[in-house]
Amino acid sequence: DESLKDVFVWVDYCCLPQANTSAQNLTIRSVAAYAASATYFIMVAPETMHADLDEVCDIDTYQERVWTRVEQVCHAMRNGTDGIFITKGKAA
């Protein structure tokens with residue numbers, strides 16, 4: 001589809017690498033640029049149990065994390081908020 005030729009989507013789905021500090025530092029330094037460069041910003045935040053912590057994770061806990069706020073602000077400052085979408089609800 002030609003209309004999607006230059007569309008870039010930021011899907012906030014997984015965490016920063018934790019085990020490899022070099023990869024973690026590179027990711028932290030580049031995440032703002034990727035978020036700002038995306039045509040669309042999609043937050044996937046269903047209500048679900050954290051696999052390791054046995055705690056509920058949802059849009060509220062997503063919004064409590066500093067990095068998710070940084071990503072959203074970087075995207076919104078460059079692109080506005082029209083291309084920001086949130087998917088939430090109960091996980092299957």
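**Strands and a helix**

Author: Two bridges join β2 to strand β3 (residues 56-57), and the two run antiparallel. Strands here are DSSP E runs of at least two residues, helices are H or I runs of at least four, and both are numbered from the N terminus. Two strands pair if DSSP finds at least two bridges between them. This is a predicted model: local features need pLDDT of at least 70, side-chain atom pairs count only at pLDDT 80 or more, and totals for chains, interfaces and linings use all residues. Residues are numbered from 1 along each chain as its sequence is written, and side-chain values use heavy atoms, with hydrogens and water left out.

Reader: Which residue stands opposite V56 in β3?

Author: M49 does. β2 and β3 form a hairpin with six residues between them, and D54 in the turn has a positive phi of about 55°.

Reader: In which sense do β2 and β4 pair?

Author: Parallel, over seven bridges, with β2 covering residues 40-49 and β4 residues 84-90. P46 stands opposite G89 in β4.

Reader: Now α3. Which of its residues are buried?

Author: T68, E71, Q72 and H75. Buried means under 20% relative accessible area, exposed over 50% and partly exposed in between, with a 1.4 Å probe and protein chains only. Seen down the axis of α3, the buried residues fall within an arc of 95°, so they line one face of the helix; the arc is that of the directions from the helix axis to the C-beta atoms.

Reader: What is exposed on the other side?

Author: V66, M77 and R78 of α3.

Reader: And what follows α3?

Author: G80, with a positive phi near 80°.
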